Amino acid sequence: MLMGCVGIFLLWLTTQWFDIWTRHGQEIDMPSVKGLSLYAAQEKLEAEGFEVELADSIYDAKVKPGNVVEQNPKVGSRVKKGCTVYLSINAFAPRQVLLPGLTDISFRQAKSVLDGLGITNVRVDTVPSDYQGLVLAVKRDGHRLMPGARIPINASIVLEVGAGMPEEILASDSLPDDQPVMVENLNLL
């Protein structure tokens with residue numbers, strides 16, 4: 001009997017200790033820091049007793065760089081002081097990617113590769129070429145880009161794509177079998 005009473009008392013004491021240790025009943029509403037600069041958000045949350053950690057950054061051209069765009073726990077959640085608030089901010093510059101080799105492949109394949117990298121601002125200039133649909137050059141701001149160039153994903157890219165030979169040129173290139181071909185200035189040495 002005494003053992004049962006001691007067990008119940010220890011159980012009650014343990015639950016009381018857990019309530020104190022976990023600050024049971026001392027919850028507050030999570031304040032909003034969306035739209036604030038990282039520094040201002042950190043100041044506000046730390047003043048209210050929260051820990052702050054930068055979790056991620058994204059790039060959105062419509063939001064001021066360095067401002068908070070997401071927070072976890074969400075606004076209005078019931079939380080305890082001292083909990084960690086994870087913030088995502090708007091990056092100061094868009095994400096950069098390495099440009100792979102895009103020349104000497106088809107336009108469709110090059111466009112697919114660029115879409116996979118997140119580059120969607122692509123313009124096509126057709127240039128004279130023997131091969132229709134073949135990417136001959138990749139340019140940005142009038143400068144030729146080489147494979148391995150680091151570019152932002154919101155960059156405007158120009159693909160110079162071969163237009164192919166016009167039909168009338170192809171038809172005039174074929175000579176009758178009985179007409180001799182003149183070769184001038186042929187240096188074989």
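Modeller: The place of Ser88 is in strand S5, residues 84-90, where helices (H or I, at least four residues) and strands (E, at least two) are DSSP runs numbered from the N terminus. This is a predicted model, in which local features need pLDDT of at least 70 and side-chain atom pairs count only at pLDDT 80 or more, while totals for chains, interfaces and linings use all residues. Residues are numbered from 1 along each chain as its sequence is written, and side-chain values use heavy atoms, with hydrogens and water left out.

Ser88 has a relative accessible area of 15% and therefore counts as buried, a term that means under 20% relative accessible area, with exposed over 50% and partly exposed in between (1.4 Å probe, protein chains only). Leaving aside residues up to four places away in sequence, Ser88 touches Asp56, Asn67, Val68, Val69 and Glu70, a contact being heavy atoms within 4.5 Å.

For another setting, turn to Trp12 in helix H1, residues 2-21, which is partly exposed because its relative accessibility is 48%. Trp12 belongs with Leu2, Val6, Phe9, Leu10 and Leu13 to a nonpolar surface patch of about 630 Å².

As for the protein as a whole, four helices and eleven strands are present, and 23% of its 189 residues count as buried. Among contacts with a separation of 6 or more, 70% are between residues 24 or more positions apart.

Conventions: Patch = residues over 30% accessible without salt bridge, like charges linked within 9 Å, V, L, I, M, F, W, Y side chains within 5 Å. Areas by Shrake-Rupley, 256 points an atom, 1.4 Å probe, with all protein chains shown as cover. Salt bridge = Lys/Arg side-chain N within 4 Å of Asp/Glu carboxyl O.
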